[in-house]
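Take a look at the model below.

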Amino acid sequence: MKSFQLSFCILVVTVLFNSCQKEYSSEHLLAPLGSWEFREGSLHSGYLDNFHTSTGIGSNAQLLTGKTFDNSGYFELKLFTDSLKAGTYRASQSQCSFLYSSGGKTIYEAKRLIGEFIVNVTTIDSTHITGTFSGTAADQSSNLVQITEGKVTIQ
């Protein structure tokens, strides 16, 4: 009986040690895809960490997301198109939207019902995407503000 108990204890300890291995997946951060910046009063800037196509019922969106350099703010630019091409995308025609938030609160948002917001994709090839954006957005108090000098680059 004692040998069974000893064998069982060794088995339990072995399983516990193997299951407590350190996980590294969240510690290996991916390199930024690119950068973004815009002005509304002061300069807001950061890095892009994701670019993908979001599929929905009846529409697709090209989604560029990122964070501020201190990771306190979130940036999102959506272009409602099946495939990204150089050209002009207008919020008034439901072709784009913009969101900037911090601490879970929306700081600036631009979409069709708020006012004209324009994204110009200037360069797109196999390794780079560059564009500019500007226009009317609503701030966290629903006041209309002007987003200027917006730039986005994927390298």
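Find Leu48 in strand β2, which covers residues 42-55. This is a predicted model, so start by asking where the residue sits: is Leu48 buried or exposed? Its relative accessible area is 0%. Buried means under 20%, so Leu48 is buried.

Now see what surrounds Leu48. Set aside its neighbours within four places in sequence. Leu48 is then in contact with Pro32, Leu33, Gly34, Ser35 and Trp36, among others. Its contacts also include Leu64, Thr65, Gly66 and Phe75. Val152, Thr153 and Ile154 are on the list as well. Leu48 and Lys67 are 19 residues apart in sequence, yet their C-alpha atoms are 6.6 Å apart in space.

Next, turn to the largest nonpolar core. It has 26 residues. Which of them touch the most other members? They are Leu77, Phe98, Tyr108, Phe117, Val119 and Phe133. Strands β1, β4, β6, β7, β8, β9 and β10 each give two or more residues to this core. β10 (144-154) gives the most, with four residues. In soluble globular proteins, nonpolar side chains tend to be buried together.

Zoom in on Phe117. Leave out residues up to four places away in sequence. Phe117 then touches Leu77, Phe98 and Phe133, among others. Its other contacts include Tyr89, Arg90, Ala91, Cys96, Ala110 and Ile147. Phe117 also touches Ser134, Gly135 and Thr136.

Finally, consider confidence. The protein chain averages a pLDDT of 83, and 79% of the residues score at least 70. Over residues 11-28 the pLDDT is below 50. Beyond near neighbours in sequence, that stretch has one contact in the model.

Technical notes:
Residues are numbered from 1 along each chain as its sequence is written. This is a predicted model: local features need pLDDT of at least 70, side-chain atom pairs count only at pLDDT 80 or more; totals for chains, interfaces and linings use all residues. Side-chain values use heavy atoms; hydrogens and water are left out. pLDDT is the predictor's confidence in each residue, from 0 to 100. Contact means heavy atoms within 4.5 Å. Buried means under 20% relative accessible area, exposed over 50%, partly exposed in between (1.4 Å probe, protein chains only). A nonpolar core is a set of buried Ala, Val, Leu, Ile, Met, Phe, Trp, Tyr and Cys residues joined through side-chain atoms within 4.5 Å.
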